[in-house]
Amino acid sequence: MVLCQGGEGDAAPAAGGQEPEVPPGREDRPGAVQPCLCPAPGVEAAGAEERRACGCCSGMSWPFCCEAPGTKKKAACPGLGLFYTILSAFLFSVASLFLKKIEDLHSVEVSAFRCVFQMAFVLPGLIYYKTGFLGPKGKRIFLFFRGFLGSIAMVLLYYAYQVMPLADATVITFTSPVFTSLLAWIFLKEKYSPWDLLFTLFAITGVILIARPPFLFGSRVTGIEGSYSDHLKGTIAAIASTLSAASTLVILRKVGKSVHFFLSIWYYAVIGLIGCVIALFILNEWRFPHCGRDRVFLILIGLLGLGGQTFLTKALQIEKAGPVSIMRTMDVVFAFILQALFLNHLPTWWTVGGALCVVASSTGTAIRKWRHSVKKAKQREI
């Protein structure tokens with residue numbers, strides 16, 4: 001047996017409406033020595049131990065997991081996790097832009113296509129890791145609600161992208177960390193400090209500046225894309241999507257690491273697809289896209305969504321969750337840029353002010369969680 005140095009990587013949910021799926025992380029004990037079941041060179045591994053990885057090896061299986069004695073471990077590229085986060089935010093933003101460009105499809109149908117891509121991506125992982133398709137009996141009800149609420153969040157977010165400005169919908173989704181803290185306090189009895197309350201008020205202020213209700217801003221609301229009724233419907237859909245996404249993160253915290261993350265994504269995709277198909281038949285909105293451009297956009301939305309999710313997961317595997325959550329606010333910047341360049345819609349000062357409030361709120365929440373996790377790690381070391 002070989003003793004391996006423990007690595008970094010406490011992965012936690014990132015900010016934003018898009019919900020990250022992160023594999024079970026390792027304990028964050030820099031410099032600590034952790035035993036692992038990696039066979040020494042020349043010793044044959046039996047059964048499952050052959051694929052078991054240690055903390056120093058980024059999840060690689062033997063014989064590649066442990067380096068030969070006396071060799072120096074190659075240093076990780078500094079800032080690589082943050083680069084992955086920026087790339088993930090860019091891919092998500094471009095996917096949202098393509099969704100905005102689709103003219104002939106309902107948001108529920110776009111969500112159904114996205115679920116098909118998710119299933120195609122996850123199925124090989126389920127077979128490889130032999131997790132099964134239902135999960136542990138005591139966790140199935142949580143997995144069901146995780147999939148149900150996650151699919152609702154996706155459909156509502158896509159609807160919001162279609163009926164309101166891209167930047168406005170993106171900004172509202174970044175209130176998710178604030179609502180996650182609030183729901184975790186209610187259902188998981190986690191600590192909710194006065195700082196959390198302040199960040200919640202900041203987030204609500206930002207949403208009000210973006211929605212601009214007439215009873216506060218008067219009957220003539222300027223800077224709205226399309227009719228105000230559509231803008232209001234999109235705002236309500238974006239808020240409901242954010243609450244659903246926050247609820248799924250609370251459920252994932254409740255489940256913990258007892259369920260493989262591939263299984264969680266599988267429930268999300270399967271339940272989402274079933275729900276979308278039922279909704280399409282009820283709404284009578286199922287149609288094959290007539291325009292070849294829309295078909296291309298559908299495929300690109302699926303591929304870019306998977307790419308964004310993959311890079312975000314990779315970022316959380318090699319970087320602290322706090323910096324990743326803060327860097328994910330680049331999604332808002334990309335949304336403003338893409339909206340101005342390709343949709344010819346310049347944001348108003350109200351939207352910019354709302355965005356600053358929401359970004360400050362989500363960044364403050366991420367920094368507090370980050371400092372709290374670092375403090376707990378130091379206490380464990382002592």
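The accessible surface of the chain comes to about 19,200 Å², and 67% of that area belongs to carbon and sulfur atoms; areas of this kind are calculated by the Shrake-Rupley method with a 1.4 Å probe, and for residues only the protein chains shown count as cover. The model is a predicted one, in which local features need a pLDDT of at least 70 and side-chain atom pairs count only at pLDDT 80 or more, while totals for chains, interfaces and linings use all residues. Residues are numbered from 1 along each chain as its sequence is written, and side-chain values use heavy atoms, with hydrogens and water left out.

**Confidence and overall make-up**

The pLDDT, which is the predictor's confidence in each residue on a scale from 0 to 100, has a mean of 75 over the chain, and 75% of the residues reach 70 or more. Over residues 1–75, however, the pLDDT is below 50, although this stretch has 136 contacts in the model beyond near neighbours in sequence; a contact here means heavy atoms within 4.5 Å.

The chain holds 13 helices and two strands, where helices (H or I, at least four residues) and strands (E, at least two) are DSSP runs numbered from the N terminus. Of the 382 residues in the chain, 47% are buried, a word that stands for under 20% relative accessible area, whereas exposed stands for over 50% and partly exposed for what lies in between (1.4 Å probe, protein chains only). Among contacts between residues at least 6 apart in sequence, 82% join residues at least 24 apart.

**Annotated spans**

The UniProt record, an unreviewed entry, places the feature "transmembrane region" at several spans, among them residues 111–129 and 295–313; such annotations may be inferred rather than shown by experiment, and their positions are given in the numbering used here, with feature names shortened. In the model, residues 111–129 are 100% helix and 0% strand, with their end C-alpha atoms 27 Å apart. Residues 295–313 are likewise 100% helix and 0% strand, and the end C-alpha atoms of this span lie 27 Å apart.

| Pair | Ring centres | Planes | Type |
|---|---|---|---|
| Tyrosine 84 and phenylalanine 311 | 5.5 Å apart | 40 degrees | tilted |
| Phenylalanine 98 and phenylalanine 297 | 5.0 Å apart | 15 degrees | stacked |

The pair of phenylalanine 98 and phenylalanine 297 also links α1 with α10, over 199 residues of sequence. Tyrosine 84 counts as buried because its relative accessibility is 16%, whereas phenylalanine 311, at 27%, counts as partly exposed. Phenylalanine 98 is buried at 17%, and so is phenylalanine 297 at 11%. Phe83, Tyr84 and Phe311 form one aromatic cluster.

Leucine 300 belongs to helix α10 (residues 292–318), and at 29% relative accessibility this leucine is partly exposed. Leucine 300 and alanine 95 are 205 residues apart in sequence, yet their C-alpha atoms are 7.1 Å apart in space.

**Three further residues**

Methionine 154, found in helix α3 (residues 140–163), is buried at 5% relative accessibility. Leaving aside neighbours within four places in sequence, methionine 154 is in contact with Ser111, Arg114, Cys115 and Tyr268.

Threonine 200 sits in helix α6 (residues 194–211) and is buried, with a relative accessible area of 6%. The side chain of threonine 200 reaches the backbone oxygen of aspartate 196 at 2.8 Å, and residues up to four places away not being counted, threonine 200 touches Val178, Tyr192 and Ser361.

Is asparagine 344 buried or exposed? At 69% relative accessibility, asparagine 344 counts as exposed, and this residue is found in the loop between α12 (330–342) and α13 (349–381). Most residues other than glycine have a negative phi. The phi of asparagine 344, however, is near 55 degrees, a positive value in a residue other than glycine.

Conventions
Phe/Tyr/Trp six-rings, centres within 6.5 Å; stacked < 30°, edge-to-face > 60°. Polar contact = N/O pair within 3.5 Å; in protein donor to acceptor, adjacent residues only side chain to side chain.
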